[in-house]
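Thanks, I will keep this brief.

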Amino acid sequence: MTSSRCDHQAFADTLKRRVLEGSGETDPALRQRVAARAAGGPPIETPYDDLAHQIGEAASGTTDAQVVSVLAAVRSEKAAFELIAAAATGAALLRWERAIKALEEANNASA
């Protein structure tokens, strides 16, 4: 009998691998630094630091100037998009991991 439950961890791992390690216009190492910064990691080089930090804190507060600054550095809309997606992925995975941990702790407390 196959389970109807999804393997969310496998989905998260696949997302992380494709966005942060897959081929693209930007270097995977840069995408990984941007994702880590958005997830509360250490500061990275300018202009990526400001954008990644803002996306991690509150993506709705991202400014046109932050995006234009990154676009000027990478000189490609596709490359800028990859970095924005990397930051969003880093922030999202951090929140997802925290939620899973909270659910596990709540489940263990009730057991």
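This is a predicted model: local features need pLDDT of at least 70, side-chain atom pairs count only at pLDDT 80 or more; totals for chains, interfaces and linings use all residues.

Helices here are DSSP runs of H or I with at least four residues, numbered from the N terminus. With that numbering, P47 sits in the loop between α2 and α3.

R75 is not a glycine, yet its phi is positive, near 60°. Is R75 buried or exposed? Its relative accessibility is 75%, and exposed means over 50%, so R75 counts as exposed.

Now the core. The largest nonpolar core has 17 residues, and those touching the most other members are V34, Y48, V70, L83 and A87. Two or more residues each come from α1 (8-20), α2 (28-38), α3 (48-58) and α5 (77-110). α5 gives the largest share, 5 residues. Leaving out residues up to four places away in sequence, A87 touches V34, A35, A38, A52 and I55.

Next, the helix pair. Two packed helices are described by the angle between their axes and the distance between the axes. For α2 and α5 the angle is about 45° and the axes are 7 Å apart. The two helices are therefore oblique to each other, and the crossing is right-handed. On the α2 side the contact involves L30, R31, V34, A35 and A38, and on the α5 side E82, L83, A86, A87, G90 and A91. By class, that contact of α2 with α5 comprises 8 nonpolar, 1 polar and 2 charged residues.

Key: Residues are numbered from 1 along each chain as its sequence is written. Side-chain values use heavy atoms; hydrogens and water are left out. A nonpolar core is a set of buried Ala, Val, Leu, Ile, Met, Phe, Trp, Tyr and Cys residues joined through side-chain atoms within 4.5 Å. Buried means under 20% relative accessible area, exposed over 50%, partly exposed in between (1.4 Å probe, protein chains only). Contact means heavy atoms within 4.5 Å. Axes are lines fitted to C-alpha atoms, for helices over the stretch in contact, and angles run from 0 to 180 degrees between N-to-C directions. Angles under 35 degrees count as roughly parallel, over 145 as roughly antiparallel, 65 to 115 as roughly perpendicular and the rest as oblique. A crossing is left-handed if the near helix is turned anticlockwise from the far one by less than a right angle, and right-handed if clockwise. Ala, Val, Leu, Ile, Met, Phe, Trp, Tyr, Cys and Pro count as nonpolar, Asp, Glu, Lys and Arg as charged, and the others, Gly among them, as polar.
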